[in-house]
Protein chains: 2
Amino acid sequence: MIEEIAPTRPRLQVSCIQFEPRIGAVDANVARASELVRAAAATGSRLIVLPELANTGYVFDTTEEARSLAEPVPDGPSCRAWLALAAELGVHIVAGIAERAGDALFNSAVVAGPEGFIGVYRKSHLWHRENVFFEKGDLGFPVFETALGKIGVAICYDGWFPETFRQLALGGAEIVCVPTNWVPMPDQPAGEAAMANILHRAAAHSNGIFIACADRVGVERGQPFEGQSLIIDAKGWTLAGPASKDRPETVTAVIDLAEAGRKDLNEFNNVLRDRRTDVYG
Amino acid sequence: MIEEIAPTRPRLQVSCIQFEPRIGAVDANVARASELVRAAAATGSRLIVLPELANTGYVFDTTEEARSLAEPVPDGPSCRAWLALAAELGVHIVAGIAERAGDALFNSAVVAGPEGFIGVYRKSHLWHRENVFFEKGDLGFPVFETALGKIGVAICYDGWFPETFRQLALGGAEIVCVPTNWVPMPDQPAGEAAMANILHRAAAHSNGIFIACADRVGVERGQPFEGQSLIIDAKGWTLAGPASKDRPETVTAVIDLAEAGRKDLNEFNNVLRDRRTDVYG
């Protein structure tokens with residue numbers, strides 16, 4: 001029997017902010033991100049996603065540099081700025097941040113709401129030299145219950161692992177916010193959609209969840225980034241974006257999170273219940 | 001340290017045969033499929049994939065009809081015909097077949113080689129009214145060691161579950177052959193690539209495996225099929241196809257299966273080893 005259809009919910013406007021943080025310029029990055037969050041909120045967005053490591057930039061030279069830029073969560077200056085902004089604007093912000101927790105550094109994202117700090121996610125799958133600077137995330141895949149709905153977070157290379165989205169969907173996430181710093185793939189054929197876009201569309205479809213990816217642009221210490229931020233609906237179709245590869249840009253879509261509650265495909269099939277957990281290893 | 005680079009292997013030409021089986025016309029379907037296999041072999045293909053339920057057609061009216069058309073594996077007439085063809089042509093054939101095993105019916109695929117019967121896979125995830133006719137597959141996700149390489153099989157809706165490809169990749173599959181009968185999605189936006197194509201490209205990329213999908217075309221008892229057969233490389237890029245939505249067509253690519261042995265992305269990352277099995281539920 002088909003599950004009861006979840007009633008529609010208030011329409012939610014979501015924005016992903018694609019911009020260019022500068023390595024080490026924390027104050028300027030937070031100020032620029034805040035301007036862009038303000039502009040998105042002014043158009044009606046209530047859930048706003050910023051890129052990975054939005055406060056610090058990405059390409060650290062040394063562990064010492066990374067450590068000097070990282071901050072405690074939620075009491076560091078970048079996090080406090082975003083909390084104040086979320087409260088002032090009445091929005092939820094998901095923002096990538098370099099987190100310092102005792103001796104450990106994490107590539108994290110904070111979830112800030114109008115009522116204050118909601119939680120932090122620590123990137124589970126570290127890409128390349130991130131392994132030099134950061135510890136692997138030790139918080140699993142939390143799903144945050146918010147006034148807007150159930151929000152999961154994944155960061156960049158996490159999206160290469162279908163397990164990430166499966167865990168979040170099984171945990172009840174309706175939307176996964178993805179602060180990211182996608183880098184180009186050397187073997188990408190000209191004219192093909194970015195593999196990062198394809199991976200997240202497949203994940204949204206396979207799990208019946210919305211996914212909102214905020215990437216950065218620019219070239220930092222020789223490393224170019226991919227842009228192409230996008231917002232994907234719970235069937236895997238692209239609602240907004242992909243943005244350009246190289247220009248700051250905000251992508252925005254209006255969604256009904258109730259659609260993520262509709263996992264039935266017909267009277268026999270359900271995207272989560274059909275899993276053959278009896279034969280998966 | 002980066003794993004030793006797997007040496008190249010003999011180039012392998014793969015074909016996926018997109019054609020239109022007719023419901024109930026087993027002899028004619030096997031004859032037509034065999035002609036097309038012959039044609040593909042004549043161009044040099046050594047691994048040839050046929051659609052799901054290639055011998056019987058798809059839209060059964062009743063369990064009795066399905067039962068009357070299904071056959072034992074490997075001793076039924078369709079399977080014997082494909083085994084003879086594989087031996088004669090010196091090729092491997094992966095073909096969808098309605099299998100009868102005692103009282104149970106399975107939506108299966110046989111793997112036939114020049115030396116004879118290699119194995120059978122039984123579809124794990126059943127779509128829609130298949131649940132009326134078939135039992136869920138009870139053989140897990142076998143990987144067949146063949147003279148060409150390590151071959152996994154998935155059938156249609158199996159591809160909606162990233163677990164399918166993960167299991168096969170962890171089991172050592174270098175290429176997954178996908179006999180399928182994809183049906184249109186009611187919500188597919190005009191001009192978008194088929195979600196079925198996107199799902200398999202993401203799976204190939206996330207696992208570093210080749211995927212070869214042979215779909216059917218035509219309309220059967222009111223049910224249209226999607227075509228768009230394709231062959232995907234171990235990075236997720238499309239090597240051949242997608243074929244048309246509605247015409248019989250064979251898509252062919254030449255591949256080096258050694259590429260599926262290269263799971264390292266850089267000196268830190270490996271698409272399988274980077275899985276955070278310590279935090280997946």
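**View 1. The open, six-stranded sheet of chain B in the predicted model**. In this sheet the strands follow the order E6-E7-E8-E9-E12-E13, and their pairing is mixed. Strand E6 (143-145) and strand E13 (238-240) of chain B form the edges, each of them pairing on one side only. With direction ignored, neighbouring strands of the sheet are turned by 25 degrees against each other on average.

**View 2. The pairing of strands E9 and E12 of chain B, with helix H6 of chain B packed on the sheet**. Strand E9 (residues 210-214) and strand E12 (residues 230-232) run antiparallel and are joined by three bridges; B:Cys213 stands opposite B:Leu230 in E12(B). Helix H6 (residues 195-207) of chain B packs on the sheet, where it touches strand E8 (175-179), E9, E12 and E13 of chain B, and the direction of this helix makes about 20 degrees with that of E12(B).

**View 3. The interface of chain A and chain B**. Here 49 residues of chain A are in contact with 49 residues of chain B, and the two chains bury about 4200 Å² between them, 61% of it on carbon and sulfur atoms.

**View 4. Polar and charged pairs between chain A and chain B, and the elements of chain A that touch chain B**. Six salt bridges are counted between the two chains, including the one in which the side chains of B:Arg201 and A:Glu192 meet at 3.2 Å, N to O. Across the interface, 28 residue pairs are in polar contact. On the side of chain A that touches chain B, helix H4 (130-133), helix H5 (162-170) and helix H6 (195-207) of chain A each supply at least two residues, and H6(A) gives the most, with seven residues. The residues of this side divide into 21 nonpolar, 16 polar and twelve charged.

Notes. Residues numbered from 1 in each chain as written. Chains lettered and ligands numbered in written order. Predicted model: local features only at pLDDT ≥ 70, side-chain atom pairs only at ≥ 80, totals over all residues. Heavy atoms only, no water. Contact = heavy atoms within 4.5 Å. Buried area = accessible area lost by both parts, 1.4 Å probe. Salt bridge = Lys/Arg side-chain N within 4 Å of Asp/Glu carboxyl O. Polar contact = N/O pair within 3.5 Å; in protein donor to acceptor, adjacent residues only side chain to side chain. Helix = DSSP H or I, 4+ residues; strand = E, 2+ residues; numbered from the N terminus. Nonpolar A, V, L, I, M, F, W, Y, C, P; charged D, E, K, R; others polar. Pairing = 2+ DSSP bridges. Axes fitted to C-alpha atoms, helices over the stretch in contact; angles between N-to-C directions.
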